[in-house]
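Please read the report below alongside the sequence and the model.

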Amino acid sequence: MSSIDPSPVQEYNCLDCGACCGCYPIFASESDADREPKIKDEGILVENFLKTDRQAYRLYPLPFLKACPFLAETKLCRIYETRPEVCRKFEVGSEQCIRARARLGIK
Ligand code: SF4
Ligand code: SF4
């Protein structure tokens, strides 16, 4: 019997990566910030005229930061259980995932 090809999800290991958290602007909503108050402390409020239902706080880029402020040195998310909705929807193995890994030189 032939072996089953690994799915894209199996090819990438988020636990030793974090590339997407350092490559893209991350926006959190007010409801994200209500769920996780640290977003209010460590994010930057989006200017009123740019604010939308989905974009109330900017987590990256911030001055002097190379990645989202919640990305730990271990490459793990410090607020994983209460992370913003946009992070929950980000798909491992997606085009954006592959592009982020390539940008940071992660195979
Ligand atoms: S870039 Fe892809 S593999 Fe890396 S942490 Fe993000 S989703 Fe996971
Ligand atoms: S909140 Fe967590 S999962 Fe979302 S970008 Fe920041 S470190 Fe990554």
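Among the elements of the protein chain, which has the lowest mean pLDDT and which the highest? In this predicted model, helix 1 (residues 8-11) has the lowest mean pLDDT, 59, whereas helix 3 has the highest, 98. Over residues 1-9 the pLDDT is below 50, and this stretch makes four contacts in the model beyond near neighbours in sequence. For the protein chain as a whole, the mean pLDDT is 88, with 87% of the residues reaching 70 or more.

## Overall fold

The protein chain holds six helices and three strands, and, read from the N terminus, its elements follow the order α-α-β-α-α-β-β-α-α. Of the 107 residues in the protein chain, 23% are buried. Among the contacts between residues at least 6 apart in sequence, 69% join residues that are at least 24 apart.

The three strands make an open sheet in which the order is 1-3-2 and the pairing is antiparallel. Strand 1 (26-28) and strand 2 (44-45) stand at the edges with a single partner strand each, so one side of each has no neighbour in the sheet. Strands of a sheet pair through backbone hydrogen bonds, in either a parallel or an antiparallel manner.

Strand 1 is joined to strand 3 (residues 57-60) by three bridges, and the two run antiparallel. Within this pairing, F27 stands opposite R58 of strand 3, while A28 has Y57 of strand 3 as its bridge partner. Strand 2 also pairs with strand 3 in the antiparallel sense, over two bridges, and here the bridge partner of I44 is R58 in strand 3.

## The nonpolar core

The largest nonpolar core counts 19 residues, and those with the most contacts inside it are C20, I26, A28, Y57, L59 and C68. Helix 2 (20-23), strand 1, strand 3 and helix 6 each supply at least two residues of this core.

Leaving aside residues up to four places away in sequence, C20 touches F90, Q96, C97 and A100. C68, which is found in the loop between strand 3 and helix 5, touches C21, I26, L59 and Y60 when residues up to four places away in sequence are again left out. C68 and G22 are 46 residues apart in sequence, yet their C-alpha atoms are 6.0 Å apart in space.

Why does C68 count as buried? C68 has 28 C-beta neighbours inside 10 Å and therefore counts as buried, since 20 or more are needed for that class.

| Residue | C-beta neighbours inside 10 Å | Class |
|---|---|---|
| C68 | 28 neighbours | buried |
| K75 | 17 neighbours | partly exposed |
| S31 | 13 neighbours | partly exposed |

K75 lies in the loop between strand 3 and helix 5 (85-89), and K75 has a positive phi of about 75 degrees although it is not a glycine. S31 has its place in helix 3 (residues 30-35). The C-alpha atoms of S31 and P84 are separated by 8.7 Å, although these two residues are 53 residues apart along the chain.

## Around the two ligands

Which residues surround ligand 1? They are Y12, C14, C17, G18, A19, C20, F90, V92, C97, A100 and R101. By class, this shell around ligand 1 divides into nine nonpolar residues, one polar and one charged. Helix 6 (residues 95-103) gives the most to the shell around ligand 1, contributing three residues. C20 belongs to this shell and is also among the residues with the most contacts inside the largest nonpolar core.

The residues around ligand 2 are C21, I26, L59, C68, F70, L71, C77, I79, R83, P84 and C87. The shell around ligand 2 has 10 nonpolar residues, no polar residue and one charged residue. I26, L59 and C68 are found in this shell, and they are also listed among the residues with the most contacts inside the largest nonpolar core. P84, whose C-alpha atom is 8.7 Å from that of S31, is another of the residues around ligand 2.

Note on methods:
Residues numbered from 1 in each chain as written. Chains lettered and ligands numbered in written order. Predicted model: local features only at pLDDT ≥ 70, side-chain atom pairs only at ≥ 80, totals over all residues. Near = placed C-beta within 6 Å. Nonpolar A, V, L, I, M, F, W, Y, C, P; charged D, E, K, R; others polar. Helix = DSSP H or I, 4+ residues; strand = E, 2+ residues; numbered from the N terminus. Pairing = 2+ DSSP bridges. Core = buried A, V, L, I, M, F, W, Y, C linked by C-beta atoms within 7 Å. Buried ≥ 20, exposed ≤ 12 C-beta atoms within 10 Å, placed from the backbone. Contact = placed C-beta atoms within 7 Å. pLDDT = per-residue confidence, 0-100.
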